[in-house]
Amino acid sequence: FSHILGDNRINSLNVNLFKNLKNFEILYFSYNDLREIHNGIFDNLTNLKELYLRGLFLRNIDKNAFKNLTNLRKIDLGVNNLQDLTSLFENLTSLK
């Protein structure tokens with residue numbers, strides 16, 4: 001399954017937004033107005049293989065935001081204002 005939420009001017013994410021979406025494999029969330037991603041947002045997306053977060057004006061991503069995405073193969077964080085990516089990808093051993 002995949003879901004496209006791009007270009008919707010979304011500026012915040014509820015921690016329960018993806019709670020019941022364990023079967024998602026692709027999530028396109030690019031080109032929204034999100035400034036930061038908190039821990040827990042993606043926790044239940046354990047089958048996610050591709051995550052697109054391009055052009056969100058992101059300044060900060062919690063260091064544990066991607067910790068449960070062990071099947072993630074591709075992540076797009078281009079066109080953001082991220083300063084520190086230290087330890088962000090530690091658990092993402094499937095990235096190509």
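This is a predicted model: local features need pLDDT of at least 70, side-chain atom pairs count only at pLDDT 80 or more; totals for chains, interfaces and linings use all residues.
Strands of a sheet pair through backbone hydrogen bonds, either parallel or antiparallel. Here four strands make up an open sheet, arranged in the order β1-β2-β4-β6, and their pairing is parallel. The edge positions belong to β1 (2-4) and β6 (74-76); each has a single partner strand, so one side of each is left without a neighbour in the sheet. From one strand to the next, the twist averages 0°.

Strand β2 (residues 26-28) and strand β4 (residues 50-52) run parallel and are joined by three bridges.

Aromatic side chains provide a second view of the model. A pair of aromatic rings is described by the distance of the centres and the angle of the planes. The structure contains three aromatic pairs. In one of them, the ring centres of Phe18 and Phe42 are 5.9 Å apart and the planes stand at 20°; because planes under 30 degrees apart count as stacked, this pair is stacked. The pair links distant parts of the chain, since Phe18 is located in the loop between β1 and β2 whereas Phe42 is located in the loop between β3 and β4, 24 residues apart. Both Phe18 and Phe42 are buried. A second pair consists of Tyr28 and Tyr52, whose ring centres are 6.0 Å apart and whose planes are at 40°, so the pair is tilted. Tyr28 belongs to strand β2 and Tyr52 to strand β4, so this pair ties together parts that are 24 residues apart in sequence. The two tyrosines can also be described by their accessibility: Tyr28 counts as partly exposed because its relative accessibility is 26%, while Tyr52, with a relative accessible area of 15%, is buried. Finally, one aromatic cluster is formed by Phe18, Phe42 and Phe66.

The discussion now turns to the nonpolar interior. In soluble globular proteins, nonpolar side chains tend to be buried together. The largest nonpolar core of this model has 25 residues, and the members that touch the most others are Ile37, Phe42, Leu51, Leu53, Phe66 and Leu69. Apart from neighbours within four places in sequence, Ile37 is in contact with Phe42, Leu53, Leu58, Asn60, Ile61, Asp62 and Ala65.

Asn32 is situated in the loop between β2 and β3 (36-37). Is Asn32 buried or exposed? Its relative accessibility is 1%, so Asn32 counts as buried. The side chain of Asn32 reaches two backbone atoms: the nitrogen of Arg9 at 3.0 Å and the oxygen of Phe29 at 3.0 Å. When neighbours within four places in sequence are left aside, the residues in contact with Asn32 are Leu5, Gly6, Asp7, Asn8, Arg9, Ile10, Gly55, Leu56 and Phe57.

Most residues other than glycine have a negative phi, and most peptide bonds are trans. Tyr31, however, has a positive phi, near 55°. Tyr31 is placed in the loop between β2 and β3, and its relative accessible area of 37% makes it partly exposed. Phe57 likewise has a positive phi, near 65°. Phe57 lies in the loop between β4 and β5 (60-61) and is partly exposed, with a relative accessible area of 42%.

Lys22 is in the loop between β1 and β2 and counts as partly exposed at 48% relative accessibility. Not counting residues up to four places away in sequence, Lys22 touches Asn44 and Asn47. Between the C-alpha atoms of Lys22 and Leu77, which are 55 residues apart along the chain, the separation is 22 Å. Glu36, in turn, is in strand β3 and is partly exposed at 38% relative accessibility. Beyond residues up to four places away in sequence, Glu36 touches Leu58 and Asn60. The C-alpha atom of Glu36 is separated by 20 Å from that of His3, 33 residues apart along the chain.

Definitions and conventions: Residues are numbered from 1 along each chain as its sequence is written. Side-chain values use heavy atoms; hydrogens and water are left out. Two strands pair if DSSP finds at least two bridges between them. Helices (H or I, at least four residues) and strands (E, at least two) are DSSP runs, numbered from the N terminus. Axes are lines fitted to C-alpha atoms, for helices over the stretch in contact, and angles run from 0 to 180 degrees between N-to-C directions. Buried means under 20% relative accessible area, exposed over 50%, partly exposed in between (1.4 Å probe, protein chains only). A polar contact is a pair of N or O atoms within 3.5 Å; within protein, one must be able to donate a hydrogen and the other to accept it, and residues adjacent in sequence count only if both atoms are side-chain atoms. Contact means heavy atoms within 4.5 Å. Rings of Phe, Tyr and Trp (its six-membered ring) pair if their centres lie within 6.5 Å; planes under 30 degrees apart count as stacked, over 60 as edge-to-face and the rest as tilted. A nonpolar core is a set of buried Ala, Val, Leu, Ile, Met, Phe, Trp, Tyr and Cys residues joined through side-chain atoms within 4.5 Å.
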